[in-house]
Structures are given as C-alpha cells and as structure tokens.
Amino acid sequence: SHLALFRRTIGDLRAFVLSQDLIYVGGGNTFNMLALWRAHGLESIFREAYDAGVVLAGISAGALCWFEGGPTDSFGPLAPMRCLGFAPGSLGVHYDADAQRRPVLHDAIARGEIGAGYGVDEGAALHLVDERLVEVVASRPHATAYRVEMQGDRVVEQPLAARFLGG
C-alpha cells in the first residue's frame, strides 16, 4: 500500500500505519519530508509502529530520517540535520557517491553537532535490530559501510564487512 500525503485519501493514519508490517521510505528532501510528517502527526505514529515491531526501512532521505541525524542537502549545501532518532547515532548516505558527504559527516561529528554513526556507500544497507547493528548487506560487490566516531581528538572511520547479496 502507499501513503500519499499531498492528496491524502486515508483518514485514520494511525490505523493505516499500525496495520503495516514494513514501512519503506524513498529518497527526497529530508527536511521537507519530516516537516510534512510532523504536520500530519506521523512522527508519533511512526514511533508507535516502531515500538510495536513494524520494520522501518528506506533509501537516502528515507534511511536518514530514522537516525538521530546526519548530513543532508535539504538546505542547498550539505549540512547536518537532526532527524527522528529511532536509530541511534548519525547516518551519512551516498558516502562513496558524493565527495562532500564524508568530510561533512566527519566535521559534524568532530564538532559534536551529531553523534558517532555510520557512513553508507551506494548499494549498501545497515540491518539494525533493537537499535543494534546486526549486519551490513550490499547489492554491489564492493559497497560497504563504515563506523564513524571520535577517538581522542580525531574522527576515525572503520570499514565494516558487508555481505554481498549477489546480483
């Protein structure tokens, strides 16, 4: 099923969302998406769904939204943004596809604007269960993710092994 908010046809959003097994969110403008969700009261409904065991997933902005925050181009130039915080830490999407994503994530973590987290290459995904990383999977042979955190006075990233799903 699909939840359209610009031409909304679903009256009871809570019942609709809680009836889903999985919520998958595509990419787009993170800031605008979260503002729209908040205007419709979806932030608390998604939290209730998450607490009830509904799987939350997404790509690009649809992945970033579930984390505490991360770099977004919602404002033009990349800048860190706070998100829903259902998944702990920060998320840097398009990590290998946009040369500015890595330094912006590192800088935001170093300045304490967002917490330690993950950088994720195109074609890689994080699988978290109960807010803990279980596995990194990839649809591209060399795609992976990285743990990005402060160690002493510098930001360090550690590549994480990814399981290639084939293709």
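Student: Which residues do ring pairs link into a cluster?

Tutor: Ring pairs join Trp37, Phe46, Tyr50, Trp66 and Phe86 into a cluster, where rings of Phe, Tyr and Trp (its six-membered ring) pair if their centres lie within 6.5 Å. This is a predicted model, in which local features need pLDDT of at least 70 and side-chain atom pairs count only at pLDDT 80 or more, while totals for chains, interfaces and linings use all residues. Residues are numbered from 1 along each chain as its sequence is written, and side-chain values use heavy atoms, with hydrogens and water left out.

Student: How many aromatic pairs does a search of the whole structure find?

Tutor: The search finds seven aromatic pairs. Planes under 30 degrees apart count as stacked, over 60 as edge-to-face and the rest as tilted. The rings of phenylalanine 46 and tryptophan 66 have planes at 80° and centres 5.6 Å apart, so this pair is edge-to-face.

Student: Is phenylalanine 46 buried or exposed?

Tutor: Buried means under 20% relative accessible area and exposed over 50%, with partly exposed in between (1.4 Å probe, protein chains only). Phenylalanine 46, at 4% relative accessibility, counts as buried, and tryptophan 66, at 5%, also counts as buried.

Student: Why is the pair of tyrosine 95 and tyrosine 146 tilted?

Tutor: Their planes stand at 40°, with the ring centres 5.5 Å apart, so the pair is tilted.

Student: What lies over the face of tyrosine 146?

Tutor: A charge sits over a ring if NZ of Lys or CZ of Arg is within 6 Å of the ring centre and within 35 degrees of the ring normal. Here arginine 102 lies over the face of tyrosine 146, at 5.2 Å from the ring centre.
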